[in-house]
Amino acid sequence: MSLTQGMKAKQLLGYYQAKTDEDARKAKERGDLVCWSASVAPPEFCVTMGIAMVYPETHAAGIGAKHGAMDMLDVAERKGYNIDCCSYGRVNMGYMECLKEAALTGVAPEVLVNSPAAKVPLPDLVITCNNICNTLLKWYENLAVELDIPCIVIDVPFNHTMPIPEYAKEYIADEFRNAISQLEVICGRPFDWKKFQEVKAQTQRSVYQWNRIADFTKYKPSPLNGFDLFNYMALIVAARSLDYSEITFKAFADELEENLKAGIYAFKGAEKTRIQWEGIAVWPHLGHTFKTLKNMGTIMTGSAYPAIWDLTYDANDESLHSMAEAYTRTYINTCLSNKAAVLMDIMEHGKVDGVVYHLNRSCKLMSFLNVETAEVIKEKNGLPYVNFDGDQTDPRVYSPAQYETRVQALVEMMEANVAAE
């Protein structure tokens, strides 16, 4: 009998989240390779080569959500990492420094022992990709230097125009093939192209089920609370090339489908207005951001952040051009006009009444673009919006009072618009 038989989606999420970390620990114990990977770098290559995967961004988000970020931020800042650096990076660097100290001395520092973070091993290699930000290049290069390990970089040019030209797809496909060649050298064996085909197909099955979940926001009232996507996102990041994701997402989508048929909705009939959330979640204050909205009868039914992992491509395309396009069309890697179009499509799909923009101190790319994007979109569809100051992992930047005030103002504007319809 399977250990997961009869589990609900939420139970599966917890089980497989823990299993990805356990897989990495066991791989390290066996002497197999462990890779730390950027969130939207292709995992397909390492999974094909049997390399265990750890995702520092997801790991840092988990530390933030469990209110353990400050300890790791303090370690990083004492080591000289500037507070203006990405807080995901600083949390990860702090954690890496603790692991390194434990490896060198044989004694884990107290801050590591007491951390609520999932235990993950040091990497044997790192792989990064600049399709969401260039900070990831310096972050992972620094990891490689500090740990004296290989660093594989997949360069994905910014798309100043759309649609994506063929020469860009060809360039990225060559980057993929170069990464494969590097992995062959690191692993000391040839790449298994037959298994690669299976891994690509599995990735697409996982992405399909992920998109099934997101599609439920189109119903009004909605059976899906969009904040659940932030929680389930851990698996689309860390295990999209494994069946862990497909199993969990299918179970969740099936549950939502049954709830819809039975007339069971996320807010149990108390849904008054609907918002789009733009930007990364405020992990240390996730409960407050959600509950503030819920207490005002406002549900989140749209966000481009989880949609970054709609990495749909043709798994049978041996040229890798389709896969290349999937990994370069992330909306923050495209021009302003396309970004606005993507967000407006999500707004329309989620039938939203307004937008909340997270001006994230860590993520300069999202914050700066959100200011301009907000005005572009407001001019096109007239929906009200507000923004608030925060950070994805550093709890010091967020002001609960400011957030509540901004959201209250948005709710009043949305309710007035709804009443006037």
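**Entry 1: around helix H1**

I started at the end of a helix: just after H1, Gly 31 takes a positive phi of about 90°. A reminder to myself that this is a predicted model.

Next I looked up H1 itself. The helix covers residues 9-30, which makes 22 residues. From first C-alpha to last I get 31 Å, close to the 32 Å expected at 1.5 Å a residue.

Which residues of H1 are buried? I noted Ala 9, Leu 12, Leu 13, Tyr 16, Thr 20, Asp 21, Ala 24 and Ala 27. Looking down the axis of H1, I found these buried residues within an arc of 160°, so they line one face of the helix. On the other side of H1, I listed Lys 10, Glu 29 and Arg 30 as exposed.

**Entry 2**

Four strands form an open sheet, and I read their order as S2-S1-S3-S4, with parallel pairing. S2 and S4 (151-154) are the edge strands, each with a single partner, so one side of each has no neighbour in the sheet. On average, neighbouring strands here are turned by 25° against each other, direction ignored.

I then checked one pairing. S1 and S3 (residues 125-129) run parallel and are joined by three bridges. Opposite Ser 37 I found Ile 127 of S3.

Which helix packs on the sheet, touching S3 and S4? I noted H8, residues 166-187. The direction of H8 makes about 170° with that of S4.

**Entry 2: cysteines**

How many disulfides does the structure hold? I counted zero.

I followed up on Cys 98, which is in no disulfide. The nearest cysteine sulfur to it belongs to Cys 85, 17 Å away. Cys 98 has 3% relative accessibility, so I put it down as buried; the cut-off for that is under 20%.

Then I turned to Cys 151, which is also in no disulfide. Here the nearest cysteine sulfur is that of Cys 35, at 9.3 Å. For a disulfide, the two sulfur atoms would have to be within 2.5 Å. Is Cys 151 buried or partly exposed? At 24% relative accessibility, Cys 151 counts as partly exposed.

Technical notes. Residues numbered from 1 in each chain as written. Predicted model: local features only at pLDDT ≥ 70, side-chain atom pairs only at ≥ 80, totals over all residues. Heavy atoms only, no water. Expected span 1.5 Å × (residues − 1). Buried < 20%, exposed > 50% of the residue type's maximum accessible area, 1.4 Å probe, protein only. Arc of directions from axis to C-beta. Pairing = 2+ DSSP bridges. Axes fitted to C-alpha atoms, helices over the stretch in contact; angles between N-to-C directions. Contact = heavy atoms within 4.5 Å.
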